[in-house]
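Subject: Structure handover

Hello,

My notes on it come after the model.

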Number of protein chains: 4
Amino acid sequence: MSPLNEEQLQVIRDERKEQIIEAALKIFARRGIIGAKLSMIATEAGISQGLLYHYFKSKDELFILLIQQAIQESIDSMKSVYQLPGSPIEKLRAFTQLDSEGQLYFMLIHQARTSDGVPEKAKQLIEQYSMESYVVDILEPLFIEGQKAGEFAPGDPRQLVSTYFTVVSALMTLNIHEDEAYQMPEVDLLLRIVTGRP
Amino acid sequence: MSPLNEEQLQVIRDERKEQIIEAALKIFARRGIIGAKLSMIATEAGISQGLLYHYFKSKDELFILLIQQAIQESIDSMKSVYQLPGSPIEKLRAFTQLDSEGQLYFMLIHQARTSDGVPEKAKQLIEQYSMESYVVDILEPLFIEGQKAGEFAPGDPRQLVSTYFTVVSALMTLNIHEDEAYQMPEVDLLLRIVTGRP
Amino acid sequence: MSPLNEEQLQVIRDERKEQIIEAALKIFARRGIIGAKLSMIATEAGISQGLLYHYFKSKDELFILLIQQAIQESIDSMKSVYQLPGSPIEKLRAFTQLDSEGQLYFMLIHQARTSDGVPEKAKQLIEQYSMESYVVDILEPLFIEGQKAGEFAPGDPRQLVSTYFTVVSALMTLNIHEDEAYQMPEVDLLLRIVTGRP
Amino acid sequence: MSPLNEEQLQVIRDERKEQIIEAALKIFARRGIIGAKLSMIATEAGISQGLLYHYFKSKDELFILLIQQAIQESIDSMKSVYQLPGSPIEKLRAFTQLDSEGQLYFMLIHQARTSDGVPEKAKQLIEQYSMESYVVDILEPLFIEGQKAGEFAPGDPRQLVSTYFTVVSALMTLNIHEDEAYQMPEVDLLLRIVTGRP
DNA sequence: CATGAATGAGAATTCATTCAT
DNA sequence: CATGAATGAATTCTCATTCAT
């Protein structure tokens with residue numbers, strides 16, 4: 001009866017899931033969990049609303065999955081800073097210029113942190129991925145290296161990481177629409193926080 | 001003839017309006033116009049839902065009023081920077097440490113800018129109050145003075161204002177819950193953007 | 001304590017009641033029991049909403065009182081047709097040209113008959129005041145006289161009364177707004193139903 | 001791919017729309033736009049309230065659609081008078097005996113003309129379909145023919161049309177419930193207005 | 001697997017009615 | 001007697017979720 005074998009079905013399933021996840025990321029990041037309507041996600045993914053429920057048990061489950069991906073991506077992206085070429089300051093400059101998917105993930109996490117209607121599980125995930133436990137640990141060596149090289153200003157490196165990351169995170173989340181009111185600042189001006197130099 | 005005279009009634013009305021506005025500011029700022037439920041605002045204000053409609057024609061009207069207040073407060077607060085004591089850098093430092101009501105206003109404007117379901121009139125108001133037309137104009141003299149005094153780094157003062165204001169705005173909006181994940185950075189670290197010094 | 005004696009109070013009470021009844025008749029007749037808002041009636045009567053409840057227990061009670069008045073007025077007006085001068089046909093012509101308060105009563109009864117949300121008691125009152133038991137009985141002698149005088153067409157006089165009254169009632173209720181779409185017909189054309197003559 | 005093909009879906013959709021329209025016509029005609037509750041329409045149509053909104057954007061849109069249908073049906077019905085068999089008077093007699101759906105449409109237009117809360121667009125539609133511009137134009141030739149044949153009374157034919165149509169309209173709107181108080185008059189008595197004869 | 005019709009719970013808004021003054 | 005602030009139940013509309021096909 002079935003014209004497709006198991007393997008082909010798996011391929012279809014994976015493709016569909018990927019479509020849905022991409023669509024959901026866009027919509028959730030821009031509109032938050034309340035503003036995002038399943039009808040929008042379905043339309044963006046090019047499928048019917050009903051089909052969403054073959055792949056995800058609920059809106060919440062889909063949201064939680066995206067949060068997990070966002071956290072994973074953020075961690076990976078931070079770890080990869082060490083693979084970037086150049087001195088610590090050059091690594092940091094490159095890291096600061098995120099691609100657009102990276103921005104979507106930041107916005108998503110921001111939405112999850114600040115909105116309500118966020119599933120409890122998503123909140124827990126984000127809480128675990130706090131500054132102290134991950135971000136600062138990962139980036140601290142880079143900053144210490146920068147201070148040794150005299151590129152970065154002296155002082156508590158963990159505070160420096162925390163401040164710089166908070167500022168960049170905040171700017172990411174602000175930059176939601178192509179909004180002329182707030183134009184993204186020059187990277188070099190931001191780096192002054194770290195370098196203490198003009 | 002009347003059991004409560006006009007003056008007493010006016011007092012009651014003003015009190016109620018103030019209660020509602022305060023409650024609405026909290027709720028709207030934290031949850032956005034969609035996430036904010038009138039039942040929450042009513043409960044926060046300690047009144048019934050129905051009474052909201054004696055004082056405001058609709059949720060939208062209430063939101064628009066708050067946006068107008070937020071814009072007015074922001075402008076006033078920026079203008080008042082010149083009344084603060086001390087050198088330009090000291091004025092700016094004091095200005096950066098906003099009170100909590102000021103923070104709510106920033107969040108509100110952020111919500112209005114980035115969310116769905118925002119009334120058209122609110123959008124227009126915010127568009128008028130863009131960086132170029134107000135904020136930069138108001139703060140530019142302070143920065144020029146700071147540069148003349150050698151406190152601020154050289155360079156285009158308008159770009160410096162814009163960058164600093166954007167960073168501070170972004171941090172305000174991030175700081176929504178009393179969230180330990182992101183702790184607010186030290187002001188002195190932020191001021192490095194302006195001073196170019198450690 | 002009280003600066004007004006009982007008699008003066010009674011005068012005030014009666015005046016107020018009359019104000020309210022007049023206002024309510026206008027509003028109920030034009031908008032029906034559902035479309036009529038107590039706020040409108042209060043405004044039309046020049047009093048506060050709360051005061052309505054000193055004089056009437058509820059919207060329904062007020063409506064029922066008006067229906068009673070309407071029925072009484074209708075009956076009185078029909079009985080008075082015999083006091084009008086002239087031949088039967090002239091009496092009937094004059095009767096057909098109702099004054100505006102008479103029209104309001106007709107509309108009110110129409111509203112009560114056709115709308116819902118009408119209190120049960122009002123329905124019962126109107127049912128009792130049906131064509132057979134009152135209207136036809138009252139007008140039948142006039143029609144018999146007209147037939148004897150050769151002014152009215154022959155045939156069952158009760159059917160003639162019923163038809164003519166139904167047509168006039170229907171036209172009254174139609175004439176709600178000063179609506180140019182339906183202009184009220186000439187009385188003489190209507191009288192053809194009764195006379196059978198051009 | 002699709003479990004129900006487009007044709008089958010279209011059939012379902014058409015059926016549902018028809019169900020809803022029929023139910024809405026009954027309820028709106030009898031209770032007006034304010035008195036008609038969506039819950040009643042949904043129950044009468046045998047569906048859930050939510051489903052109404054798959055087929056119609058709002059209560060107003062549904063009402064406007066019905067008004068359009070009512071106007072169209074009225075015009076068609078008047079034009080078809082010329083297809084009826086017999087002399088002008090026989091055509092007019094047949095035309096006067098409307099079916100029950102035709103009556104509902106008359107009531108609906110009456111409701112729209114006299115009630116509150118009627119959408120602006122519905123008002124405009126009805127205004128365009130006024131006596132002068134349509135009804136009289138359409139029926140005038142029939143009346144002129146009747147006068148030539150000596151069946152109809154002499155005089156301004158447009159006034160005769162207008163009067164007769166107004167009376168019939170008024171009777172239609174009166175006859176809302178199966179109401180024994182007002183029994184519908186004999187057609188032959190009404191036709192006396194036109195013929196001027198017993 | 002896939003569709004879209006169908007449902008029902010929840011949110012904004014209106015308004016008759018009550019109540020403190 | 002008189003006011004108008006205050007309440008809450010009822011109504012329209014939205015949308016996540018289910019289900020027949």
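This is a predicted model: local features need pLDDT of at least 70, side-chain atom pairs count only at pLDDT 80 or more; totals for chains, interfaces and linings use all residues.

Chain A

Chain A has 10 helices and zero strands. Read from the N terminus, its order of elements is α-α-α-α-α-α-α-α-α-α. Along the principal axes, the C-alpha atoms of chain A fill a box of roughly 70 × 40 × 30 Å.

An unreviewed UniProt entry gives "domain: HTH tetR-type" at residues 14-74 of chain A. In the model that span is 87% helix and 0% strand, and its end C-alpha atoms are 23 Å apart. The unreviewed entry also lists a "DNA-binding region" at residues 37-56 of chain A. For residues 37-56 of chain A the figures are 75% helix and 0% strand, with 15 Å between the end C-alpha atoms.

How the chains relate

Two other pairs make no contact. Chain B and chain C do not touch, and their nearest C-alpha atoms are 11 Å apart. Chain B and chain D are not joined by any contact either, with 18 Å between their closest C-alpha atoms.

Salt bridges

Over all chains, the structure holds 24 salt bridges. One of them pairs D116(B) with R31(A), where the closest N and O atoms are 1.6 Å apart. D116(B) sits in the loop between α6 (100-114) and α7 (120-128) of chain B, while R31(A) belongs to helix α1 of chain A, so this pair joins two chains. As background, side chains of opposite charge can pair when their charged atoms come close.

DNA strand E

How many residues surround DNA strand E? There are 35, and the closest are Y55(A), Y53(B), Y53(C), R13(D) and R16(D). Of the atoms of DNA strand E that come within 4 Å of the protein, 68% belong to sugar and phosphate.

By class, the surface near DNA strand E consists of 17 nonpolar, 10 polar and eight charged residues. Which elements each supply at least two residues of that surface? They are α1 (6-35) and α3 (49-55) of chain A, α3 (49-55) of chain B, α3 (49-55) of chain C, and α1 (6-35) and α3 (49-55) of chain D.

- Y55(A): a polar side-chain atom is 2.8 Å from a phosphate oxygen of DNA strand E.
- L38(B): a backbone N or O atom is 3.1 Å from a phosphate oxygen of DNA strand E.
- H54(D): an N or O atom in the side chain is 3.2 Å from a base nitrogen of DNA strand E.

Regards

Note on methods:
Residues are numbered from 1 along each chain as its sequence is written. Chains are lettered from A and ligands numbered from 1 in the order in which they are written. Side-chain values use heavy atoms; hydrogens and water are left out. A residue is near a molecule or strand if one of its heavy atoms lies within 4 Å of it. A polar contact is a pair of N or O atoms within 3.5 Å; within protein, one must be able to donate a hydrogen and the other to accept it, and residues adjacent in sequence count only if both atoms are side-chain atoms. Helices (H or I, at least four residues) and strands (E, at least two) are DSSP runs, numbered from the N terminus. Ala, Val, Leu, Ile, Met, Phe, Trp, Tyr, Cys and Pro count as nonpolar, Asp, Glu, Lys and Arg as charged, and the others, Gly among them, as polar. UniProt positions are given in the numbering used here, feature names are shortened, and annotations may be inferred rather than shown by experiment. Contact means heavy atoms within 4.5 Å. A salt bridge is a side-chain nitrogen of Lys or Arg within 4 Å of a carboxyl oxygen of Asp or Glu.
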